[in-house]
Amino acid sequence: MKKTFLFLILLLPIFGFSQTGTNQRISSTNANTNFRTLQGAITYLRNNGGISQSITLFIDENQEVATPIVIQNIPGTSATNTLTIKNGNASEISGSINDGAIFQLNAAKYIIIDGLTVYNKSTTAQTSKAAI
């Protein structure tokens with residue numbers, strides 16, 4: 001019994017977290033359909049065990065969103081296991097969000113957005129128009 005329990009504990013790091021690699025490219029032509037959009041990648045990481053190491057999502061195409069990109073707590077993120085969203089071959093994430101922001105962080109921690117222009121193109125009067 002003790003050997004089985006120890007064996008299962010040792011396997012937890014292997015099966016308990018998403019094993020996606022440290023770098024992923026966000027592109028409409030990515031062979032992995034989970035990484036064709038930024039929202040798809042974030043949802044995949046959150047719903048498939050989280051992360052066990054720092055991961056960088058490189059944006060290879062400008063992203064035009066119709067709804068906010070919602071980032072909730074991703075299991076495994078920490079000061080040493082960060083999720084970075086970074087300019088790959090594209091520099092802009094934009095959309096026309098009438099009442100809200102392009103990014104909505106909901107209990108998300110250790111998220112880094114680096115080298116991207118985030119722009120809400122909405123012309124509707126809002127009480128706030130923050131990009132993030």
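Is Asp114 buried, partly exposed or exposed? At 34% relative accessibility, Asp114 counts as partly exposed, where buried means under 20% relative accessible area, exposed over 50%, and partly exposed in between (1.4 Å probe, protein chains only). The structure is a predicted model, in which local features need pLDDT of at least 70, side-chain atom pairs count only at pLDDT 80 or more, and totals for chains, interfaces and linings use all residues. Residues are numbered from 1 along each chain as its sequence is written, and side-chain values use heavy atoms, with hydrogens and water left out.

Asp114 is found in strand 8; helices (H or I, at least four residues) and strands (E, at least two) are DSSP runs, numbered from the N terminus. Not counting residues up to four places away in sequence, Asp114 touches Thr84, Ile85, Lys86 and Asn87, contact being defined as heavy atoms within 4.5 Å. The C-alpha atoms of Asp114 and Asn87 are separated by 6.8 Å, although the two residues are 27 residues apart along the chain. The side chains of Asp114 and Lys86 are joined by a polar contact of 3.5 Å. A polar contact is a pair of N or O atoms within 3.5 Å; within protein, one must be able to donate a hydrogen and the other to accept it, and residues adjacent in sequence count only if both atoms are side-chain atoms.

Lys86 also forms a salt bridge with Asp114, with the closest N and O atoms 3.5 Å apart. A salt bridge is a side-chain nitrogen of Lys or Arg within 4 Å of a carboxyl oxygen of Asp or Glu. Lys86 lies in strand 5 (residues 83-87) and Asp114 in strand 8 (residues 111-114), so the pair ties together parts that are 28 residues apart in sequence. Lys86 is partly exposed, with a relative accessible area of 32%.

Strand 5 and strand 8 pair in the parallel sense over four bridges, where two strands count as paired if DSSP finds at least two bridges between them. Within this pairing, Ile85 stands opposite Ile113 in strand 8. Strand 2 and strand 5 pair in the parallel sense over five bridges, and the bridge partner of Leu57 in strand 5 is Ile85.

Leu57 and Ile85 also belong to the largest nonpolar core, which has 23 residues; Leu38, Ile42, Leu57, Ile69, Ile85 and Phe103 have the most contacts inside it. A nonpolar core is a set of buried Ala, Val, Leu, Ile, Met, Phe, Trp, Tyr and Cys residues joined through side-chain atoms within 4.5 Å. Two or more residues of this core are given by each of helix 2, strand 2, strand 4 (69-72) and strand 5. The largest share, four residues, comes from helix 2. Leaving aside neighbours within four places in sequence, Leu38 is in contact with Ile26, Leu57, Ile59, Gln63, Ile69, Ile85, Ile93 and Phe103. In soluble globular proteins, nonpolar side chains tend to be buried together.

Three strands form an open sheet in the order 3-6-9, and the pairing is parallel. Its edge strands are strand 3 (63-65) and strand 9 (117-120), each of which pairs on one side only. Strand 3 and strand 6 (residues 92-95) pair over three bridges, and Glu64 stands opposite Ser94 in strand 6.

The structure holds three salt bridges. In one of them, the side chains of Glu64 and Lys121 meet at 3.1 Å, N to O. This pair links distant parts of the chain, with Glu64 in strand 3 and Lys121 in the segment after strand 9, 57 residues apart. Glu64 is exposed, with a relative accessible area of 52%, whereas Lys121 is partly exposed at 35%.

Asp60 forms a salt bridge with Arg25, the distance between the closest N and O atoms being 2.8 Å. Asp60 lies in the loop between strand 2 (55-59) and strand 3, and Arg25 in strand 1 (residues 23-26), 35 residues apart. Asp60 counts as buried at 17% relative accessibility, while Arg25 is partly exposed at 37%.

Asp60 is also among the contacts of Ser27, which, leaving aside neighbours within four places in sequence, are Phe35, Arg36, Asp60 and Glu61. Ser27 is found in the loop between strand 1 and helix 2 (38-47) and is buried, with a relative accessible area of 8%. A polar contact of 3.5 Å joins the side chains of Ser27 and Glu61.
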